[in-house]
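Open the model in your viewer and follow the stops below. Each one says what to select and what is there.

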Amino acid sequence: MKKRHYRWYSATYRLNEKIERKFTTTGQVLILCAFALIFFGLNTRVSMLFVIFAASIALLLTDAVSLMFRKSDFEFERFLPECASKGKEVKYPVIMRAKSGKENLENLFYTEVPAAPVPSFEVFAATKEPGEEKRNSFDRRMGYYRWKWLIAKNCGGKYGEFAVTGRKTDGGILFDASFVPDRRGKIAFGGAYIFHKGIFGLLKRGKIVPNPGSFLVLPEIKESFEIPETEGDSVNEKNEKTREMQETGSGFELRSLRDFVPGDSIRNIHWKSSAKSGQLRTKEFYKEVDSGSVMFVDNLFEEHYSEDFEKVLSAAASLLNAMQREENLPQILFLGREPHEIPDSSKKSFASALSTLALAENDAENKFESCLETLFEAAQSASTIFFFTSKYDEDRKKALKTLAGLGCGIRIFYAGGESEAELSRYETKIDF
């Protein structure tokens, strides 16, 4: 991507924003019509086109005059929720006040302003629009559709316009605003544009009032998602999943005998069995541990953004939701190389785990192999590993075989290309 394209698009975006804040949609149409009629209606004889042109200009001038004495000295306070769900409307109250107490709050409107809608050039150059490879060479070279997608992604949803009408309170007016997030992550508002409309609703006059605010949008949760069955789990009298861990010392439960190998303790030799078989036999001891499960979400890929990764996060959040209903959350949530402990199955722990997924980003600086040591260590005492990935390649399949060799159950959830072989009962293709 060339830097001049980035500068063009940035300047055009700022110009469009200024136009949006000066004219309503009806006003923009009327302006376009007025300028178009200049070329057809201005002549020495009075024509219908000239009459329409004159009427349009008169309406615009009247609207402008009606706004001349409107003041825009306001302040507001919004009450945003801590978190929301992708695709679901968020309603929140706003209190609008006049700073001096004399400004007229009638015919006043409110719309949120995104905090940082314009991406940096580095992000613009490195982030591909989903499906960009299907566009023609000209569109790929210019990057206009990529720019539009990045702007929409940074905004996080459509910003509505709300009339300031409601209950009077605390020297102001209490009214409701709303927002529908169309992506996960943090949605940040930089302030709000507070304005009056002209008498005919063609022009706007107002100003941006800075007032930062934000809330967290969780990945989309599928309520129909069910906990997959696992094998090899035992349950104790407290209904807790357990796993037998082999121990070399005494003091634990004796489970079996095996041939003696160099390095085994002489104290564990079973002399009676050794005498019968004619060769040394040693005791094996086990202890029962509360194993639980581990969830691993793979974020070790090169792309700055991936639709498949979004599917993976949605599936992981849906599984967490299903496990929380059963009060059986995993003990550890791995986001690539970063482990996040889940101390219990409380709502607080559940919310913390969902927040981790909501803020997840790719780790392009590290390779998949960098996470294996800590993952293998956690697998040694886990009953089940739920493995989520958007790249089901040979390196990940080898790692999963090693995990299976450690004795824990594995359930694989992946998005992306179709697997060459038929899926086993432990593999699930994510396709929402």
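**Stop 1: helix α3**

This is a predicted model. Start with α3 and select Met48 and Leu61. Both are exposed, on the face of α3 turned away from its buried side.

Now select the buried residues of α3: Phe53, Ser56, Leu60 and Asp63. Look down the helix axis. These residues fall within an arc of 95°, so they line one face of α3.

Then check the length. α3 runs over residues 48–66, which makes 19 residues. At 1.5 Å a residue the helix should span 27 Å, and its end C-alpha atoms are 27 Å apart, so the two agree.

**Stop 2: the whole chain**

Zoom out. The chain has 432 residues, and 41% of them count as buried. Colour by secondary structure to bring up 11 helices and 20 strands. Among contacts with a separation of 6 or more, 71% are between residues 24 or more positions apart.

**Stop 3: α1 against α6**

Select residues 3–22 for α1 and residues 144–155 for α6. The two helices pack at an angle of about 50°, and their axes are 11 Å apart. α1 and α6 are therefore oblique to each other. The crossing of α1 past α6 is right-handed.

Which residues in α1 and α6 meet? Show side chains. α1 brings Tyr6, Tyr9, Ser10 and Tyr13, while α6 brings Tyr144, Trp147 and Ile151.

Stay on Ser10, which lies in α1. Is Ser10 buried or exposed? Its relative accessibility is 5%, so Ser10 counts as buried; the cut-off for buried is under 20%. Leave out neighbours within four places in sequence, and Ser10 is in contact with Val118 and Trp147. Draw a distance from Ser10 to Trp147. Their C-alpha atoms are separated by 9.2 Å, although the two residues are 137 apart along the chain.

**Stop 4: α6 and its cover**

Keep α6 selected. This helix has 12 residues. From first C-alpha to last it reaches 17 Å, close to the 16 Å expected at 1.5 Å a residue.

Its buried residues are Arg146, Trp147, Trp149, Leu150, Ile151 and Cys155. What covers the buried residues of α6? The cover includes two helices to show, α1 and α4 (121–126).

Step off the end of the helix. Gly156 follows α6, and its phi is positive, near 85°.

**Stop 5: Leu280**

Go to the loop between α7 (271–277) and β14 (281–290), where Leu280 lies. Leu280 has 38% relative accessibility, so this residue counts as partly exposed.

Leu280 and Ile266 are 14 residues apart in sequence, and their C-alpha atoms are 9.8 Å apart in space.

**Stop 6**

Check its backbone. Most residues other than glycine have a negative phi. Glu327 has a positive one, near 55°. With 63% relative accessibility, Glu327 counts as exposed.

On the α8 side, the contact is made by Leu313, Ala316, Ala317, Leu320, Asn321 and Gln324. On the α9 side, Lys347, Phe350, Ala353, Leu354 and Leu357 make the contact.

**Stop 7: α10 and α11**

For the last pair, select residues 372–379 for α10 and residues 394–405 for α11. They pack at an angle of about 25°, with their axes 10 Å apart. That makes α10 roughly parallel to α11. The crossing of this pair is right-handed.

Which residues of α10 and α11 meet? Show Leu372, Leu375, Phe376 and Ala379 in α10. They meet Ala399, Thr402 and Leu403 in α11.

Conventions:
Residues numbered from 1 in each chain as written. Predicted model: local features only at pLDDT ≥ 70, side-chain atom pairs only at ≥ 80, totals over all residues. Heavy atoms only, no water. Helix = DSSP H or I, 4+ residues; strand = E, 2+ residues; numbered from the N terminus. Expected span 1.5 Å × (residues − 1). Buried < 20%, exposed > 50% of the residue type's maximum accessible area, 1.4 Å probe, protein only. Arc of directions from axis to C-beta. Axes fitted to C-alpha atoms, helices over the stretch in contact; angles between N-to-C directions. Parallel < 35°, antiparallel > 145°, perpendicular 65-115°, else oblique. Left-handed = near helix turned anticlockwise from the far one by under 90°. Contact = heavy atoms within 4.5 Å.
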